[in-house]
2 protein chains.
Amino acid sequence: MGRWEPNTKERLVQAALALFLEQGYEATTVAEIAERAGGLTKTTFFRHFPDKREVLFAAGQEVHGQIVTDAIAAAASTATPLAMVGQALDALAATFGEERRHIGAGLRKVIADNPELRERSALKRAALAEAMTVALHRRDVPEPGASLAADLGTRAFFSAFDRWADLANRDKLTELARHDFAQLRTALATLE
Amino acid sequence: MGRWEPNTKERLVQAALALFLEQGYEATTVAEIAERAGGLTKTTFFRHFPDKREVLFAAGQEVHGQIVTDAIAAAASTATPLAMVGQALDALAATFGEERRHIGAGLRKVIADNPELRERSALKRAALAEAMTVALHRRDVPEPGASLAADLGTRAFFSAFDRWADLANRDKLTELARHDFAQLRTALATLE
């Protein structure tokens with residue numbers, strides 16, 4: 001393992017995103033991504049990712065699932081299900097600092113342009129909702145309430161993320177997610 | 001147009017479902033479906049459906065969207081958003097008579113066995129939710145409430161449909177959908 005190894009995964013992500021934006025997702029090969037990441041080989045790429053598509057998704061999905069799981073497990077015993085989800089969103093949003101906004105903006109553009117990536121993105125959203133649902137079950141929130149609460153949180157997070165992942169936006173993701181989640185909770189009260 | 005033409009579409013659906021169940025979705029060709037449907041040709045098949053996959057989905061999607069749209073448009077001016085969605089579910093469920101249960105059961109099994117069909121099925125669910133959302137907008141239900149109400153209705157309908165599409169079940173789809181929708185509405189009240 002060479003001295004640069006710890007950064008390899010992140011460099012591959014950055015290189016892939018840059019190439020996808022420059023020349024399109026379809027036209028980009030794994031060999032090109034590895035080369036752009038600093039003269040790496042395809043073999044190195046495949047040590048980190050199973051395929052070209054996963055370079056955009058594999059990194060976040062597990063980590064994000066763990067963050068919401070931990071936050072819900074740590075919530076006060078008096079917290080309501082939506083309060084637990086709110087804490088999960090705070091914890092998740094806090095990991096998206098300003099320095100990641102340009103990656104978010106690139107990802108959003110690449111995904112919007114490609115049906116295969118849109119589908120994979122929908123699976124990632126579903127995986128986040130599922131992680132929250134399982135964590136809520138562990139806090140004794142029954143069905144169908146746990147799935148509903150998790151869906152509301154997921155919906156708020158991604159509507160906020162879509163606005164945040166825009167280089168013209170100046171808000172913190174935490175603020176946007178709180179706003180969108182509060183708006184959903186207010187809307188719920190008007191449905192009956 | 002021959003004398004059997006009015007039933008052709010339904011016969012193609014039945015033939016496709018029978019073959020998918022007997023020998024699998026992947027192994028079945030359009031020519032086999034057309035032949036099983038009473039010695040029809042591939043050309044006839046393609047007059048009714050764009051491809052093998054759509055034979056399971058194309059029929060329902062437009063009709064179901066129209067049914068929920070009409071029901072929401074016809075709801076009383078005093079109806080709450082969830083009451084409007086409840087009327088849409090009643091109207092939709094009423095079109096699934098006992099004679100359609102075996103088709104539902106077959107569809108459910110074929111779809112569960114195939115990732116491509118599961119994906120298409122998810123799109124169909126999303127299209128139903130979208131139809132309800134648009135109909136609620138026309139009734140002046142604002143976002144994000146309209147999307148939430150539509151999602152709740154869609155979730156209730158398909159959880160009910162999954163139980164109904166079982167040859168051992170004896171309940172009417174209308175009853176199952178009302179039960180699941182009421183359960184979701186009750187759960188909502190426990191989330192805050």
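A polar contact is taken here as a pair of N or O atoms within 3.5 Å, where, within protein, one atom must be able to donate a hydrogen and the other to accept it. In the predicted model, this rule finds 6 residue pairs in polar contact across the interface of chain A and chain B, both residues of each pair being at pLDDT 80 or more.

The largest share, 7 residues, is supplied by α8(A). By residue class, the side of chain A that touches chain B comprises 10 nonpolar, 5 polar and 5 charged residues.

In total, 20 residues of chain A are in contact with 20 residues of chain B. The area buried between the two chains is about 1800 Å², and carbon and sulfur atoms give 65% of this area. A:Leu148, A:Leu191 and A:Glu192 together supply 36% of the area that chain A buries against chain B, more than any other three residues. The count of salt bridges between chain A and chain B is 4. A:Glu192 also takes part in a salt bridge with the side chain of B:Arg185, at 2.8 Å from N to O.

Within chain B, B:Asn114 is placed in the loop between α6 (101–112) and α7 (115–138). B:Asn114 counts as buried because its relative accessibility, 6%, falls under the cut-off of 20%. A polar atom of the B:Asn114 side chain lies 2.9 Å from the backbone nitrogen of B:Glu116. Leaving aside residues up to four places away in sequence, B:Asn114 touches B:Tyr25 and B:Glu26.

Methods: Residues are numbered from 1 along each chain as its sequence is written. Chains are lettered from A and ligands numbered from 1 in the order in which they are written. This is a predicted model: local features need pLDDT of at least 70, side-chain atom pairs count only at pLDDT 80 or more; totals for chains, interfaces and linings use all residues. Side-chain values use heavy atoms; hydrogens and water are left out. Contact means heavy atoms within 4.5 Å. Buried area is the accessible area (1.4 Å probe) that two parts lose on being put together, summed over both. Helices (H or I, at least four residues) and strands (E, at least two) are DSSP runs, numbered from the N terminus. Ala, Val, Leu, Ile, Met, Phe, Trp, Tyr, Cys and Pro count as nonpolar, Asp, Glu, Lys and Arg as charged, and the others, Gly among them, as polar. Buried means under 20% relative accessible area, exposed over 50%, partly exposed in between (1.4 Å probe, protein chains only).
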